[in-house]
Amino acid sequence: MSTSDAHARWQAERRQAVTAPTGNLALIETRWTGAPADLDAARAAAPDTARVTPIERTDLATGDTQHGLRVWDAASPAIGSFDRIDTYSYDPAWVLTGRFVPVAEDRTVPFEHIRDNGGTRELVVPGDILVTVAGRDYTLAAFDDGGTLLLVFADETNGSETYGAGRFLYVHRDAAHGEAGEVELDFNRAFVPPCGFSAQYNCPLPPASNRFPLPIRAGEKTVVFRDGFDIYAA
């Protein structure tokens, strides 16, 4: 498969994923209940097109586990109004090779989240990613997202050309989980985070180490809706 074909396939898979019944566009409610909620009652009250799933997080004030529910609707207004994800043209210059250097298993980095009013949540960062971008060396913090390194980054396009709060990028590595080795950062696959599709998400924001003082014109730009639809007014 050619590079352009592979990129087109990735774009098609992204569209399929975000419009799925439990995709980013389907999330219509995140409800924090404190104690575990009655799933059966919540599912009975939900629309026939909806699914209800449990969710947990750490309470920033107490450190206790906080329980909640998410409601996903296959007939959500966001899915109905979705047009496309605006994307830069593929640019091979933005496929970069870096190196992953593991650190102590218990190292965490405080990440602010978009709905936490300046509070931070500690996320496990299993190692540093060393990479050179436009002649400058960077040490990036990517956290472990189910065994895959997820980089939350910002650059000078945010807010003018791309999603304002930054973008996400999965970092590919051939070495075994936790081992040092080369990694690939293909910024052509940088993507709009879930909070760009629904205001019901609480996405992490880029830490200082992951803020590039240059434009990265590769990957997804913004989510485009029809008829002036606004996720914050839905």
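Arg57 lies over the face of Trp32, at 4.0 Å from the ring centre, where a charge is taken to sit over a ring if NZ of Lys or CZ of Arg is within 6 Å of the ring centre and within 35 degrees of the ring normal. The model is predicted, so that local features need pLDDT of at least 70 and side-chain atom pairs count only at pLDDT 80 or more, while totals for chains, interfaces and linings use all residues. Residues are numbered from 1 along each chain as its sequence is written, and side-chain values use heavy atoms, with hydrogens and water left out.

- Once neighbours within four places in sequence are left aside, Phe225 is in contact (heavy atoms within 4.5 Å) with Leu25, Ala78, Ser81, Phe82, Asp83, Phe197 and Ile231.

**Aromatic pairs**

- The structure holds 11 aromatic pairs, a pair being rings of Phe, Tyr and Trp (its six-membered ring) whose centres lie within 6.5 Å, with planes under 30 degrees apart counted as stacked, over 60 as edge-to-face and the rest as tilted.
- Trp72 and Tyr201 form an edge-to-face pair, 6.4 Å centre to centre with 65 degrees between the planes.
- Because Trp72 lies in strand E3 (residues 65-73) and Tyr201 in the loop between strand E12 (181-186) and E13, this pair ties together parts that are 129 residues apart in sequence.
- Both Trp72 and Tyr201 are buried, a term that means under 20% relative accessible area, against over 50% for exposed and partly exposed in between (1.4 Å probe, protein chains only).
- Tyr138 and Phe212 form another edge-to-face pair, with 4.9 Å centre to centre and 65 degrees between the planes.
- This pair links distant parts of the chain, with Tyr138 in strand E9 and Phe212 in the loop between E12 and E13, 74 residues apart.
- Tyr138 counts as buried at 8% relative accessibility, and Phe212 counts as buried at 4%.
- Ring pairs link Tyr138 and Phe212 with Trp94, Phe153 and Phe187 into a cluster.

**Charged residues**

- Lys221, placed in strand E13, has its charged end over the ring of Tyr88, 4.6 Å from the ring's centre.
- Not counting residues up to four places away in sequence, Lys221 touches Asp86, Thr87, Tyr88, Glu161, Thr162, Tyr163 and Val192.
- Arg14 lies in helix H1 and counts as buried at 12% relative accessibility.
- The side chain of Arg14 reaches the backbone oxygen of Val192 at 3.4 Å.
- With neighbours within four places in sequence left aside, Arg14 is in contact with Asn24, Ile85, Phe191, Val192, Phe197 and Glu220.

**A buried glycine**

- Gly181, in strand E12, is buried with a relative accessible area of 9%.
- From C-alpha to C-alpha, Gly181 and Ser89 are 29 Å apart in space, and they are 92 residues apart in sequence.

Methods
Helices (H or I, at least four residues) and strands (E, at least two) are DSSP runs, numbered from the N terminus. A polar contact is a pair of N or O atoms within 3.5 Å; within protein, one must be able to donate a hydrogen and the other to accept it, and residues adjacent in sequence count only if both atoms are side-chain atoms.
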